[in-house]
Amino acid sequence: MRQAGRYLPEYRKTREEAGSFLDLCYNPALSAEVTFQPLRRFDLDAAILFADILLAPQALGAKLSFSAGEGPVLEPVRSMEDVKGLKLEGAADKLSPIYETVSRIIEGLPAHVALIGFCGAPWTVATYMVEGGGSPERLRTRIAAARGEAWFDALMDMIIEVSCEYLARQVKAGAECVQIFDTWAGDLGDGLREKYVIEPVRRIIAGLRARGADVPVIGFARGLGAAQEEFIRETGVAAAGCEWPLPVAEMARLTEFAAVQGNLDPAAVMAGGSFLRDGVKRLVEALPREKHIFNLGHGFKPETPIENVEEMVACLREFDGAD
Ligand code: 1CP
């Protein structure tokens, strides 16, 4: 999950130095610096590339800005005419500063730390493009999907294509694993999940393999609940990211099909104390270590106390004990 970010004062400083969030994303030296920041503080086994899932739609030609305190704002895509205004050709090239960031990270990364690249899953990226930013219910997008609108399917195809190329180039630059973030996967029920969550992720993995990128893929399809098993089996992800409301017993069951990642409640890290310790212990005890990537069930909140993150990592090392 996100591990850099606003809970770290050094991140806020670098972001200020960059000028804006997007300037930071497109600055390889500063993005690499931000990727390293959590590693200097905490004993972590992996780093996640600093970038954002919304850079891919921007590369397709959708105007993007981040307004202070309000999150992302995108020029909405709501018709075939809008889709035709986007351009797939050359889109992955516009993301070259990100591949440069990956190369720089690899140069400075300790050998025992893995680098995870990432992109947004087509469904989640499409929701931001159709809604024009974050939206509490994403109804416009869900209705377009339920109607099987031709423009919506064309948009999904474009996002799938750019994502294959974007991830393959991250791998070529040195990413050792990639994660596909489907934050809004839980929006879709039977009849739509297969077409807009499972099939696009399956196609991205096939596209990666066709380009010779042979790294493990983590699928974070948030909110799938009982459909996680189907997602794992049909997409072929090596690991499934699990959000915190998923019971640990269900995660243990899923290890029959793939590795699992997660799923500590970000609020437990904010709370600290015995709830945090017990949460870490529960995960370590319930899941086989060769099938479990310890992580949060979603990204760190900006208000998270740094000493609680230190405590979380210390507990993990203590309970895990194998290293
Ligand atoms: O500095 C700031 O104010 C910006 C905060 C921030 C950060 C640190 C945003 C804005 N993006 C990021 C980086 C980011 N985003 C990473 C890099 C790794 C790291 O921080 O260590 C990653 C992996 C993401 C992924 C991402 N961006 C997701 C998927 C994962 C998730 O958290 O669900 C999503 C949905 C986004 C979109 C996004 N980026 C930023 C915001 C405010 C949002 C919108 C969130 C929403 O609609 O609720």
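The side chains of aspartate 182 and threonine 124 are joined by a polar contact of 2.5 Å; a polar contact is a pair of N or O atoms within 3.5 Å, and within protein one must be able to donate a hydrogen and the other to accept it, while residues adjacent in sequence count only if both atoms are side-chain atoms. This is a predicted model, where local features need pLDDT of at least 70 and side-chain atom pairs pLDDT 80 or more, though totals for chains, interfaces and linings use all residues. Residues are numbered from 1 along each chain as its sequence is written, and side-chain values use heavy atoms, without hydrogens and water.

Aspartate 182 is buried and has no salt bridge. Buried means under 20% relative accessible area, exposed over 50%, and partly exposed in between (1.4 Å probe, protein chains only). A salt bridge puts a side-chain nitrogen of Lys or Arg within 4 Å of a carboxyl oxygen of Asp or Glu.

Elsewhere, the count comes to 22 salt bridges. Here are three of them, with the N to O distance:

| Pair | Distance |
|---|---|
| Arginine 40 and glutamate 33 | 2.9 Å |
| Aspartate 43 and arginine 317 | 2.9 Å |
| Arginine 277 and glutamate 311 | 3.6 Å |

Now to the ligand: one of its oxygen atoms lies 2.5 Å from a polar side-chain atom of arginine 15. For histidine 298, a side-chain N or O atom is 2.6 Å from a ligand oxygen.

Terms used:
Lys, Arg positive; Asp, Glu negative; His and termini not counted.
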